[in-house]
Amino acid sequence: MTILEELWYGNITPTEYSRIENNDNYKEALRLVNQNQERLKATLTDEQNELLERLLTASEEFSNLIEFDCFKVGFKLGARLTIEAYI
């Protein structure tokens, strides 16, 4: 099966290839985010915690949009490089 067929049939999921699990810098950054988030939540009222959760959800949605745009740009760049290599 070609790479395009693999992609079409859902056999390739680019997000599976996350580098976070094996990267100590990512792990440390995530640990700090979680630690500080828990410390902050402990000081907030229920209403403030709800607002924080809504903020974090919106922030995650925004990040996902940016990541998808970056993926598209990278994919297009890779395709253009491949095309140019054959010219």
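Which residues line the second largest pocket? The lining consists of Leu30, Val33, Asn34, Gln37, Leu56, Ser59, Glu60, Ser63, Asn64 and Glu67. This is a predicted model, in which local features need pLDDT of at least 70 and side-chain atom pairs count only at pLDDT 80 or more, while totals for chains, interfaces and linings use all residues. Residues are numbered from 1 along each chain as its sequence is written, and side-chain values use heavy atoms, without hydrogens and water.

A pocket is an open set of points on a 1 Å grid over the protein atoms alone, where a 1.4 Å probe fits and protein lies on both sides within 12 Å along at least five of seven lines; lining residues have an atom within 4 Å of a point. The second largest pocket holds about 280 Å³ of space. Helix 2 and helix 3 are the elements that give two or more residues to its lining, and helix 3 supplies the largest share, 6 residues. Helices here are DSSP runs of H or I with at least four residues, numbered from the N terminus. By class, the lining has 3 nonpolar, 5 polar and 2 charged residues. Ala, Val, Leu, Ile, Met, Phe, Trp, Tyr, Cys and Pro count as nonpolar, Asp, Glu, Lys and Arg as charged, and the others, Gly among them, as polar.

The two helices can next be considered as a pair. Helix 2 (residues 24-43) and helix 3 pack at an angle of about 150°, with their axes 9 Å apart. Helix 2 is therefore roughly antiparallel to helix 3, a term for angles over 145 degrees. Gln37, Leu40 and Lys41 of helix 2 make the contact with Asn49, Leu52, Glu53 and Leu56 of helix 3; contact means heavy atoms within 4.5 Å.

Two residues of this contact deserve a separate description. Asn49 is found in helix 3 (residues 46-85), and Asn49 counts as buried because its relative accessibility is 16%. Buried means under 20% relative accessible area, exposed over 50%, and partly exposed in between, with a 1.4 Å probe and protein chains only. Not counting residues up to four places away in sequence, Asn49 touches Lys41 and Leu44. Lys41, placed in helix 2, has a relative accessibility of 23% and so counts as partly exposed. Leaving aside neighbours within four places in sequence, Lys41 is in contact with Asn49, Leu52 and Glu53.

Finally, Gly10 is found in the loop between helix 1 (3-8) and helix 2. Gly10 counts as partly exposed because its relative accessibility is 47%.

Technical notes: Axes are lines fitted to C-alpha atoms, for helices over the stretch in contact, and angles run from 0 to 180 degrees between N-to-C directions. Angles under 35 degrees count as roughly parallel, over 145 as roughly antiparallel, 65 to 115 as roughly perpendicular and the rest as oblique. Grid points are joined across faces, edges and corners, and a volume is the space filled by probe spheres set on the points.
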